Structures are given as C-alpha cells and as structure tokens.
Amino acid sequence: MPTDSRLPRVLHVLLHLDEAEDPVTSDKIGQMLNTNPSLVRRMMAGLRKSGFVASTKGHHGGWYLTRKLDEISLADVYTALGHPNLFSIGPSEDAPTCLLEKSANAATAKALDMARQEFLRELQNVTVADLVDGVRETIADYQLAHGLMDAGSDN
C-alpha cells in the first residue's frame, strides 16, 4: 500500500517559502518535490484555505506565506491537508452480523482512535518553525562550505 507523504512534503515547502524572498512558483515547488505542478496546486489549496499561504498570478507570481511559521502548528497543517490517513488498518466487513467480528473491530477501532489522538497531541506541540531548530547552523555551514553564501551573511 502506498504511503501518503503530503504532510512532510508540505512542511518542507513551508520551510522553503519562509526563506524565499519572492513568491515561489508551482513549477519550482514541483521540481523540488519531483512532482507535477498541478499536484502542487492541489496540495497547497488546503493551506491557502486555512490562511497559511496565498498565491499571485503573473510573471512574478507564485506561493508565499501569509502567517509566520511559529504561528502554525504541525496539527494545523495536518488538518489543512484533510487529516490524511495514518494507518492502513481498517475494520473487517467479512461477516457484519457476527458478534466476534464486531468485537474485533471495536478493539482495533479503539486502539486506532487512541493512536490518532496521541499523534494529534504531538503535532499540536510543534510549530513549523520548530522544525529548523538545531539545523540552521548546519545549513549555514553547508552553504558557506559550498559557496552558497558569504561568510558575513546570515542566510
């Protein structure tokens, strides 16, 4: 079963948007994620509806942040994506009238619900800005070592 990687992909995009000086096109984001720009637009639609990003059209158009990353929790992003499925486990429907199957379904549903609640709790405690804590220095060192920034630059 394929995995749903929209949450980490969108978080990745938000981090890059935060560092971008100008709006970033769907084409550019698509290249970064190795995906189609139309898929980028669909993925970003929930973020726009939630007020995290906006887009402009035209020659210098693209996506940009409308809120600071420290104001957006990972739970907010997860919700904006429509609560992607966490698990491939689902109820059995082989014998819907069987009390034993109902019992097995109830037990797994309870455990899955508890896991989803814990997952959301964890996401609520982390902002998108928190994701770069501890790696900014490593990124700066990499950029400096590869000539991507000047020694006196902050970015």
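Asn34 is exposed, with a relative accessible area of 73%. The structure is a predicted model, and Asn34 sits in its loop between α2 and α3 (37–49). The phi of Asn34 is positive, about 55°, although the residue is not a glycine.

His83 also has a positive phi, near 55°, and is a residue other than glycine. His83 belongs to the loop between α4 and α5. With a relative accessible area of 42%, His83 is partly exposed.

**Helices α1 and α2**

Two packed helices are described by the angle between their axes and the distance between the axes. For helix α1 (residues 6–19) and helix α2 (residues 26–33), the axes come within 11 Å and cross at roughly 125°. That angle makes α1 oblique to α2, because it lies between the range counted as roughly perpendicular, 65 to 115, and the values over 145 that count as roughly antiparallel. The crossing of α1 past α2 is right-handed. On the α1 side the contact is made by Arg9, His12, Val13 and His16, and on the α2 side by Ile29, Met32 and Leu33. Sorted by class, the contact of α1 with α2 has four nonpolar residues, two polar and one charged.

**The aromatic pair**

The count of aromatic pairs comes to one. Its members are Tyr78 and Phe119, whose ring centres are 5.4 Å apart; their planes stand at 75°, so the pair is edge-to-face. Planes over 60 degrees apart count as edge-to-face. Tyr78 lies in helix α4 (residues 74–80) and Phe119 in helix α5 (residues 99–124), so the pair ties together parts that are 41 residues apart in sequence. Tyr78 counts as buried at 6% relative accessibility, whereas Phe119 is partly exposed at 27%.

Thr127 is found in the loop between α5 and α6 (136–145). Its relative accessibility is 18%, so Thr127 counts as buried, the cut-off being under 20%. Leaving aside residues up to four places away in sequence, Thr127 touches Leu69, Asp70, Ile72, Ser73 and Leu74.

**Accessibility by residue**

The table collects the relative accessible areas of the residues discussed above.

| Residue | Relative accessible area | Class |
|---|---|---|
| Tyr78 | 6% | buried |
| Thr127 | 18% | buried |
| Phe119 | 27% | partly exposed |
| His83 | 42% | partly exposed |
| Asn34 | 73% | exposed |

Technical notes:
Residues numbered from 1 in each chain as written. Predicted model: local features only at pLDDT ≥ 70, side-chain atom pairs only at ≥ 80, totals over all residues. Heavy atoms only, no water. Phe/Tyr/Trp six-rings, centres within 6.5 Å; stacked < 30°, edge-to-face > 60°. Helix = DSSP H or I, 4+ residues; strand = E, 2+ residues; numbered from the N terminus. Buried < 20%, exposed > 50% of the residue type's maximum accessible area, 1.4 Å probe, protein only. Axes fitted to C-alpha atoms, helices over the stretch in contact; angles between N-to-C directions. Parallel < 35°, antiparallel > 145°, perpendicular 65-115°, else oblique. Left-handed = near helix turned anticlockwise from the far one by under 90°. Contact = heavy atoms within 4.5 Å. Nonpolar A, V, L, I, M, F, W, Y, C, P; charged D, E, K, R; others polar.
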